[in-house]
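Have a look at the structure first, then read on.

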Amino acid sequence: MSENGKRNFRFLNVDGQWPVFEWQGLQLNEDGSLQLQTVPLLEGAELFADTEVDDNFGPAGIAVSNEGTIYFSSPNTHQVLRLDPCDGSVGPLSCTGGKGTGPGEFNTPRGLLIPEYRDSLFVVDSGNHRIQIFDPESGQLVDVWGDSTADPGPSNQPGRFDTPWTMAADDQGNVYVVDYGNKRVQKFDRAGDLVPSFWEAIDAAGVLQRPVDIAVRSSAEGIRVYIVDSELHAVFIFDDEGGQVSTAELPSGSFGEDVLIKPLGIAVRDTAVYVGDNERHAVLTFERGNEYRFIGEAIGYHAAIAALLMLDEETLLVHSGENVAPRRLSVKKGYRTTAAMWSSAIKGDNLKTAWHRAEVEMQRLSGGAHLRLFVATADQEGDAPGVDPSADNPFADPKWRRAITPTDRFANLSDVFIGGEPSGFVWIGALFSGDGRSTPVVSQIRVEFDHKGYLDHLPAIYRTDTRCSDFLLRFLSMFETLFDDVEERIVALSVLFDPESTPKDMLPWLAGWLAVELNEDWDEQRQRETIARAFEFFGRRGTAAGLREALRVFGGVNALIEEPIVNASWWSLPAESNPCGCKPSANSACNCGCSSTRDRSWEATENSVLGVTTMLVAASPQGAVLGSSATLDHSHLITNEEYGAPLFSEVAHQFNVQIYRTQLHCPETLPRVHAIIEREKPAHTEYHLCVIEPRMRVGFQAQVGKDAVVAGPPSHVLLHEGMFLDQQSSLGGEPNATVGEHSRVGVSTRVG
């Protein structure tokens, strides 16, 4: 805090929106952090092309069934192949294949499709100018679109084809076919009937020259048809009626003109469009939205692209056109290699603000990720530094000052010292870079100003203004950076002692401070609740209620605890009552007018029922008294300090703990119960742990409704090593006979 009590820092990420920043090549995550935009990453080893792709290279096809079986075409071998999802084996589609014009035969098969509305495999039989439809399980031919004659040929008639290439379908069941030879795209409804209005609308717009591939995506704004044009090197967007879709940011209704060279292959998901480029030997990623900005190339794949297909929202399939299985690319595991973010003018609290430093909060950088920070200051808002996001170094303007580091080894410092003369405005820039497999993740940037640093703690001679005074301030700032984490931990030390906010891995440490033993089987919430109640537990420690609670919480058992002394009562004679309070003499009545001594009443009679509410003590409370309790071999001597002790010696400082056998289902429970009792009981007390078995034991476990449980016969004593006799022991065999209704001498009776 500054001397005037105002905050001397400012957070630049507000509500996860970074309001003062612009960026290019970065994506905003749900938690408000920024990172390099994601691109597909090839699973497995990096793949490079052996040869260049010639001008006659055409598309292939990929289709996936509901069961996960992947089908892909091999134009050069005139086959449709099947990738088994169980064992990964590759084989031809049953009952098909081989070059020919007959049913089930192919001539350069290319595009494939399994639409959502129909469990059928559509094969673009390009050389035969038709589309054959098969049952994917049996390979049986079920329909033919286009030329179904024995000697098929090209045609420009509506519903016919001249070298069809690829196809796609929307969620309404409509199928779109790229009719390459006729330079058009035809639309068919789910019954296979042509919808001529679609191409008529596109043809009237006159925007396409050579369509080569197609993809369809349904979303909240409706159905979008993406058509790749090889001569215009672009992707055009249409709706399902053939109308071109354009926005204020994308008035041409197309994208990729400045990036694509030999486009072929396209796939679409909610946030991105992927397009293959056989000049680059790369899969290019475009951000799906109003602008369709180019993000970057897929990582690890540098080969021919004949077809692309989204297997799911996480995986992109890419097919090279050969008879090898399509490769898998993880769309969220790769990252573009560079990106930048830069702020608008950040104003200080005063006309002349002493800017100190900008500090970045981010995840720990991995080996291939880097972050470079830049700052600039000025007195006028219009004197802003320039930024060129398309350049290799967007911060080449000399107004920018890069973070000063001793060597490149320290180039990834998470803060930059601003310094310089006090000024009215500051600008912050950050350059993100990576190897495609890792990224910096920045969650916050904090700007400090009017900072009281370590320089104020040095002798006055070091604070004298010199030409190099700024050097000492920068030098000390480096040490502040090193100790920032320690200082923040000290400031936030109270958090560690709060069971609700302390980190999970600190819970055992906090429990140790409070002498609370945590069970490693407890979940995190129960551990926090137990620590929070530690003082409550300690307040009742040493009492029956406290012990019962400890056994429930730490031992997992509900115990019954009895203290014999609470239920003990001794025989005492009733006392004569004297309601008037006077003291009559032996020969006269009270002078207050109350009854004579012959009309006596008695009090405390409820404690005098011999054998019912009373008990005899083990010895005389006052010890041996001559003429009274001094009986040979039946008396003992006690001191004055021990007077009355025999009344309590048999029951004092003792208690019973009773637990039902059903609660001791785990072998470790009983030892844990003993340990808890030893830990929680007062040191001078003794206890007896009674396990309530499913039987009634007279004199020991016979309180009906409390500890008496009636069940089967007791178990018999077995002779073995370590056996012992106790209250639960009983002899086996049939019981001796008793005289009664069913006793028959010599038959059902036995003596012994």
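Cys95 has a phi near 65°, which is positive even though the residue isn't glycine. For context, most residues other than glycine have a negative phi.

His281 shows up on that list too, with a positive phi near 55°. Its loop connects strand E23 (272–277) to strand E24 (282–287). Is His281 buried or exposed? With a relative accessible area of 9%, His281 is buried, because the cut-off for that label is under 20%. Cys95, on the other hand, is exposed, at a relative accessible area of 69%.

## Cysteines

How many disulfides does a search of the whole structure find? The count is zero. A disulfide, if there were one, would be a covalent bond between the sulfur atoms of two cysteines. Besides the exposed Cys95, there is Cys666, which is partly exposed with a relative accessible area of 28%.

## Helix H5 and its neighbours

Helix H5 covers residues 524–532, and its buried residues are Gln527, Arg528, Thr530 and Ile531. Looking down the axis of H5, you'd see these buried residues fall within an arc of 165°, so they line one face of the helix.

What do the buried residues of H5 pack against? Their partners are three helices: H4 (507–513), H6 (534–539) and H7 (544–555).

## Rings and charges

Searching the whole structure turns up 22 aromatic pairs. Ring pairs tie Tyr226, Phe255, Phe286, Tyr292 and Phe294 together as a cluster.

Arg210 lies over the face of Tyr180, 4.3 Å from the ring centre. Arg446 does likewise with Phe9, at 5.1 Å from the ring centre.

The protein chain has an average pLDDT of 82, and 75% of the residues score at least 70. Residues 1–6 have a pLDDT below 50, and beyond near neighbours in sequence this stretch makes six contacts in the model. Residues 405–411 also come in below 50, with seven contacts beyond near neighbours in sequence. Where pLDDT is low, the predicted coordinates should not be read in detail.

Notes: Residues numbered from 1 in each chain as written. Predicted model: local features only at pLDDT ≥ 70, side-chain atom pairs only at ≥ 80, totals over all residues. Heavy atoms only, no water. pLDDT = per-residue confidence, 0-100. Contact = heavy atoms within 4.5 Å. Phe/Tyr/Trp six-rings, centres within 6.5 Å; stacked < 30°, edge-to-face > 60°. Lys NZ or Arg CZ within 6 Å of the ring centre and 35° of its normal. Disulfide = S-S within 2.5 Å. Buried < 20%, exposed > 50% of the residue type's maximum accessible area, 1.4 Å probe, protein only. Helix = DSSP H or I, 4+ residues; strand = E, 2+ residues; numbered from the N terminus. Arc of directions from axis to C-beta.
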